[in-house]
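This briefing goes through one protein model by topic. Look at the sequence and the fold before reading on.

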Amino acid sequence: MIRRLHINGPLSDSNRGDLAMTYTKVSLTEDLPQGKMRGFEADGKQILLVNLDGKYYAIGDICTHMTCKLSEGSIKGDTVICPCHFSVFDVRTGKVLSGPASRPEPTFKVKVEKQQISVDL
Ligand code: FES
């Protein structure tokens, strides 16, 4: 279930940096083991969530080459490989490391609190 998380009330030091960010709860940590990825849709955006050695990253799930889903591809090291024409994207930065894609994937901030993974959409 996807719910919107809004930051309300007075700013504390811990949420001051989150001003103007809207985090959406997308997964529990236990549902995304290390080295695994999962695609989901939220707010009309297709997002790829990846667990790299216990750190979570979110980039666009739609390949910038010809719109195949990266979540149907494979993870290799810090990269995701598109299943259609094998473009390689850096999961941490969204950058293209190998074409035919030439445009990077968008990146999204991720935070984890009490086993809950949320993405700033
Ligand atoms: S659609 Fe991903 S490389 Fe072509």
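The model is predicted, with local features requiring pLDDT of at least 70 and side-chain atom pairs pLDDT 80 or more, while totals for chains, interfaces and linings use all residues. Residues are numbered from 1 along each chain as its sequence is written, and side-chain values use heavy atoms, leaving out hydrogens and water.

**Overall make-up**

- The chain has zero helices and 12 strands; helices (H or I, at least four residues) and strands (E, at least two) are DSSP runs, numbered from the N terminus.
- Of the 121 residues in the chain, 40% are buried; buried means under 20% relative accessible area, exposed over 50%, and partly exposed in between (1.4 Å probe, protein chains only).
- Among contacts (heavy atoms within 4.5 Å) between residues at least 6 apart in sequence, 41% join residues at least 24 apart.

- Strand 6 pairs with strand 7 (residues 79-81) in the antiparallel sense over three bridges; two strands pair if DSSP finds at least two bridges between them.
- Lys-76 stands opposite Thr-79 in strand 7.

**The sheet 3-4-5-10**

- Another open sheet of four strands has the order 3-4-5-10, with antiparallel pairing.
- Its edges are strand 3 (37-42) and strand 10 (107-108); each has a single partner strand, so one side of each is left without a neighbour in the sheet.
- Strand 5 (residues 55-60) and strand 10 run antiparallel and are joined by two bridges.
- Ile-59 has Thr-107 in strand 10 as its bridge partner.

**Nonpolar cores**

- The largest nonpolar core has 14 residues, and those with the most contacts inside it include Leu-48, Val-50, Cys-63 and Phe-89. Such a core is a set of buried Ala, Val, Leu, Ile, Met, Phe, Trp, Tyr and Cys residues joined through side-chain atoms within 4.5 Å.
- Strand 4 (45-52) and strand 5 each supply at least two residues of this core, and strand 4 gives the largest share, three residues.
- A second, separate core has 12 residues, among them Val-26, Phe-40, Ile-47 and Ile-117.
- Leaving aside neighbours within four places in sequence, Cys-63 is in contact with Cys-68, Leu-70, Cys-82, Phe-89, Ala-101 and Glu-105.

**A charge over a ring**

- The charged end of Lys-111 sits over the ring of Tyr-23, 4.3 Å from its centre. The rule is that NZ of Lys or CZ of Arg is within 6 Å of the ring centre and within 35 degrees of the ring normal.

**Backbone details in loops**

- The peptide bond from Gly-99 to Pro-100 is cis, with omega near 25 degrees, and Pro-100 is in the loop between strand 9 and strand 10.
- Phe-86, in the loop between strand 7 and strand 8 (88-90), has a positive phi near 70 degrees and is not a glycine. Phe-86 is exposed, with a relative accessible area of 56%.
- Lys-114 also has a positive phi, about 50 degrees, although it is not a glycine. Lys-114 is in the loop between strand 11 (110-113) and strand 12 (116-120) and is exposed, with a relative accessible area of 83%.
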